[in-house]
Amino acid sequence: MNAPHAPKTVTSLSNATVKAVRALHMRKEREESGLFLAEGLKIVIEAIDCGHAPRILMYGRDAADHPMLQKASQACLKAGGEVIEVNREILEKVSRRDNPQAVVGVFKQVYASLSAIVPESAPCWVAMQAVRDPGNLGTVIRTADAAGCGGVILVGDCVDPYSVEGVRATMGSIFAVKIAKASVAEFLAWRESWPGSVVGTLLTATVDHRSADYVKPSLILMGNEQQGLPPELAAACDVNVKIPMRGRADSLNLSVATGIMIYTVTG
């Protein structure tokens, strides 16, 4: 094992570890390996502070003297991981950016089971049905973290929360928020024992989101970007509400609407 002060140096794009890390841009590879990429020393340190040590830590020469890199390297090596100094070309290929972060971490994906969720541990939880845009999902996870929600439940065929784009949008909250996933049938069966309000949003609803009576812990259920909540999920809600549209736009971005609901319910 390399000592923290003497990491391995890699300069070839054909290196097996470099190729494996680059492959994590593909969902199939993430699902098979159970790993994902997180970019930036700040996010890597936040992950460590949340109890998630990187399996692989890559950094460029520009970051070599940063005081927090030592902390990241020690955490990675203590967990049996690999610390590698790489050149800028490798960082660009790994991140697929012309101006890449100087530090990249590879972490294990973590999903909570529905049975492990304790509703009363937080005033609000969020369920997202068939969300398609990784930026939207990442922003929802970040907002849920900021508002003190218990976690985010992915219902049905959702975009991968551990995609590079999704993780970027969470700004590190991917490590702080519980994430669970379930089929529609599993979610509906589990929802039956929810102790508080299950709240849906519908453009056709007649109840204003600010006037509904929310019983905590509340579970906010949001439909996908194009179609909203399907009838079977809307019917499973204790109350369906609407966010009024006063201008020409007839709908809101999904992550914005979810943020409004989170702060309305928790406010």
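**View A. The crossing of helix 6 and helix 10 is right-handed.** A crossing is right-handed if the near helix is turned clockwise from the far one by less than a right angle. This is a predicted model, in which local features need pLDDT of at least 70, side-chain atom pairs count only at pLDDT 80 or more, and totals for chains, interfaces and linings use all residues. Residues are numbered from 1 along each chain as its sequence is written, and side-chain values use heavy atoms, with hydrogens and water left out. Helix 6 (residues 134-147) packs against helix 10 (residues 254-266) at an angle of about 15°, and their axes are 9 Å apart. Helix 6 is therefore roughly parallel to helix 10 (angles under 35 degrees count as such).

**View B. Residues of helix 6 meet residues of helix 10.** Among those in helix 6 are Asn136, Thr139 and Val140, and helix 10 gives residues including Leu254, Ser255 and Thr258. By class, this contact (heavy atoms within 4.5 Å) has 7 nonpolar, 6 polar and no charged residues.

**View C. The largest pocket has a volume of about 480 Å³.** A pocket is an open set of points on a 1 Å grid where a 1.4 Å probe fits, with protein on both sides within 12 Å along at least five of seven lines; lining residues have an atom within 4 Å of a point. Of its 22 lining residues, Thr201, Leu203, Gly228, Ser251 and Leu252 are the closest to the centre. Strand 12 (239-242) and helix 10 are the elements that give two or more residues to this lining.

How values were computed. Axes fitted to C-alpha atoms, helices over the stretch in contact; angles between N-to-C directions. Helix = DSSP H or I, 4+ residues; strand = E, 2+ residues; numbered from the N terminus. Parallel < 35°, antiparallel > 145°, perpendicular 65-115°, else oblique. Nonpolar A, V, L, I, M, F, W, Y, C, P; charged D, E, K, R; others polar. Points joined across faces, edges and corners; volume = space filled by probe spheres on them.
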